[in-house]
Amino acid sequence: MNSIKNFLKETDIYLTVLCLIASISGVIAVYSATICDLDPGEKISRDTIVMIAAVALGFICCMIISIIDYELVLKLWPVVAVVAVALMLALFIWGTGPKERSDVKTWLPFSIGGFSIYFQPSELLKIAFIITFSVHIELVSDKIDKILHVILLCVHGAIPTLLVVVTGDMGSALVFIMIFAVMLFMAGVKLRYFAIAIATVVAALPLVWVKVFSDIQRNRFLALFYPESYSDIIYQQLQAKNAIGSGQLTGQGLFKGPYTQNNVVPEAQNDMILSVFGEELGFLGCLAVMVLFMLLVFRIIKVAQMANDAPGKMMCIGVAAMIGSQVVVNVGMCLMLLPCIGITLPFMSAGGSSNLCIYLAMGMVFSVYRYNKESAPVNFRVMNVRTPYI
């Protein structure tokens with residue numbers, strides 16, 4: 001009992017509650033979005049079952065990781081990096097993607113007992129990048145503004161970004177760039193380097209548009225400005241936006257949204273899960289979701305401030321940047337402010353990989369909290385000890 005009490009005392013209960021509220025809300029929304037697809041006699045969809053299993057397994061792994069000193073995880077960065085990169089390279093041999101995107105290889109298929117499972121290695125690569133980049137920043141912290149080290153840090157950030165770009169996952173590439181930028185900024189890199197980077201990106205945009213983006217990726221951008229001309233491409237986003245708007249202030253009621261329950265928004269349980277909250281719980285429901293994510297990110301930043309060492313601080317900053325950037329991009333997609341690039345809403349969208357890996361990342365944050373939390377002094381008495389003076 002004392003061990004359990006000590007474990008709970010050293011666990012960030014506030015952050016735990018926030019994570020579980022987010023996941024439970026996501027499970028309910030995914031269940032609502034998939035009711036219309038149930039076969040006769042089915043009570044719960046496969047997407048919901050997978051999500052519940054991923055959240056349960058992820059939470060257990062999160063707690064296990066939290067009792068491991070994060071300094072040990074940092075020391076094992078070569079192992080973490082090799083495993084993550086190996087899984088990404090495996091996509092070029094066994095990878096698959098959505099039926100409508102034959103050019104994309106983002107999932108590794110597995111079969112366990114006749115049950116097909118698809119794992120997305122880019123989710124694990126995000127965690128590996130945060131760990132390795134935190135170590136890299138610490139190694140060059142006293143000379144981080146030297147041009148050579150800035151270039152090497154950029155090369156470090158470019159490796160995972162290019163890996164996911166080659167597999168066709170432009171959404172994850174954007175998240176990597178945002179994590180990279182936030183971690184560099186918080187590490188104290190001079191603003192002039194960011195100005196140079198922005199100028200370089202702007203100058204390279206025409207080349208990226210012509211040589212890097214595929215036809216469908218270009219069309220997704222154009223669809224935002226000319227929806228009538230790209231009605232088939234913008235359809236999912238347009239219906240998601242309409243569903244959110246139809247909820248008005250308080251929503252149509254849980255499990256009662258016409259768009260959601262009639263499958264009007266394609267794959268609403270995935271990237272467009274916000275449309276379920278918007279339609280069925282209204283503006284207030286969406287506001288609650290945004291407040292929840294703000295509290296999550298702010299709490300992770302608070303844990304970062306508790307860290308007594310730079311790598312622990314950087315890991316928390318990286319996780320906060322990952323969650324924050326995915327929320328911004330996903331909400332932008334649902335509101336037709338950004339093109340649809342396949343970014344899930346953390347904790348809430350369906351998907352085993354994203355829900356499992358987000359808890360693996362949170363495990364590192366919990367570890368930083370546990371090993372930097374000030375413990376109360378322990379009173380003890382030593383008895384039956386003899387010295388030459390007694």
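Is Asp215 buried or exposed? Asp215 is exposed, with a relative accessible area of 51%. Exposed means over 50% relative accessible area, buried means under 20%, and partly exposed lies in between (1.4 Å probe, protein chains only).

## About the model

This is a predicted model: local features need pLDDT of at least 70, side-chain atom pairs count only at pLDDT 80 or more, and totals for chains, interfaces and linings use all residues. Residues are numbered from 1 along each chain as its sequence is written, and side-chain values use heavy atoms, with hydrogens and water left out.

Asp215 has a partner. Its side chain meets that of Arg218 in a salt bridge, at 2.4 Å from N to O. A salt bridge is a side-chain nitrogen of Lys or Arg within 4 Å of a carboxyl oxygen of Asp or Glu. Side chains of opposite charge can pair when their charged atoms come close.

Both residues lie in helix 10 (residues 215-225). They are three residues apart, about one turn of the helix. Helices (H or I, at least four residues) are DSSP runs, numbered from the N terminus. Arg218 counts as buried, at 17% relative accessibility. The buried residues of helix 10 are Arg218, Gln217, Ala223 and Leu224. What covers them includes helix 8, helix 9 and helix 11 (231-246). Covering rests on contact, which means heavy atoms within 4.5 Å.

How many salt bridges does a search of the whole structure find? It finds five. One of them joins Glu10 and Arg370, at 3.6 Å from N to O. Glu10 lies in the loop between helix 1 (2-9) and helix 2 (13-34), and Arg370 lies in helix 15, so the pair ties together parts that are 360 residues apart in sequence. Glu10 is partly exposed, at 31% relative accessibility. Arg370 is buried, with a relative accessible area of 8%.

Lys190 and Asp145 also meet through their side chains in a salt bridge, at 3.8 Å from N to O. This pair links distant parts of the chain, 45 residues apart. Lys190 sits in the loop between helix 8 (170-187) and helix 9 (191-212). Asp145 sits in the loop between helix 6 (121-139) and helix 7 (147-166). Lys190 is partly exposed, at 39% relative accessibility. Asp145 is partly exposed too, at 21% relative accessibility.

## Helix 13 against helix 15

Two packed helices are described by the angle between their axes and the distance between the axes. Helix 13 (residues 273-306) and helix 15 (residues 352-370) pack at an angle of about 45°, with their axes 9 Å apart. Axes are lines fitted to C-alpha atoms, for helices over the stretch in contact, and angles run from 0 to 180 degrees between N-to-C directions. Helix 13 and helix 15 are therefore oblique to each other. Angles under 35 degrees count as roughly parallel, over 145 as roughly antiparallel, 65 to 115 as roughly perpendicular and the rest as oblique. Helix 13 passes helix 15 in a left-handed crossing. In such a crossing the near helix is turned anticlockwise from the far one by less than a right angle.

Which residues meet here? Arg299, Ile300, Val303 and Met306 in helix 13 meet Met362, Val365, Val368 and Tyr369 in helix 15. These residues divide into seven nonpolar, no polar and one charged. Ala, Val, Leu, Ile, Met, Phe, Trp, Tyr, Cys and Pro count as nonpolar, Asp, Glu, Lys and Arg as charged, and the others, Gly among them, as polar.

Ser367 is buried, at 1% relative accessibility. Leaving aside neighbours within four places in sequence, Ser367 is in contact with Ile65, Ser66, Ile68, Asp69 and Tyr70.

## Two positive phi values

Most residues other than glycine have a negative phi. Phi of Gln248 is near 50°, a positive value in a residue other than glycine. Gln248 is in the loop between helix 11 and helix 12 (258-261). Gln248 is exposed, with a relative accessible area of 63%.

Phi of Phe347 is positive as well, near 70°. Phe347 is in the loop between helix 14 (310-334) and helix 15. Phe347 counts as buried, at 1% relative accessibility.
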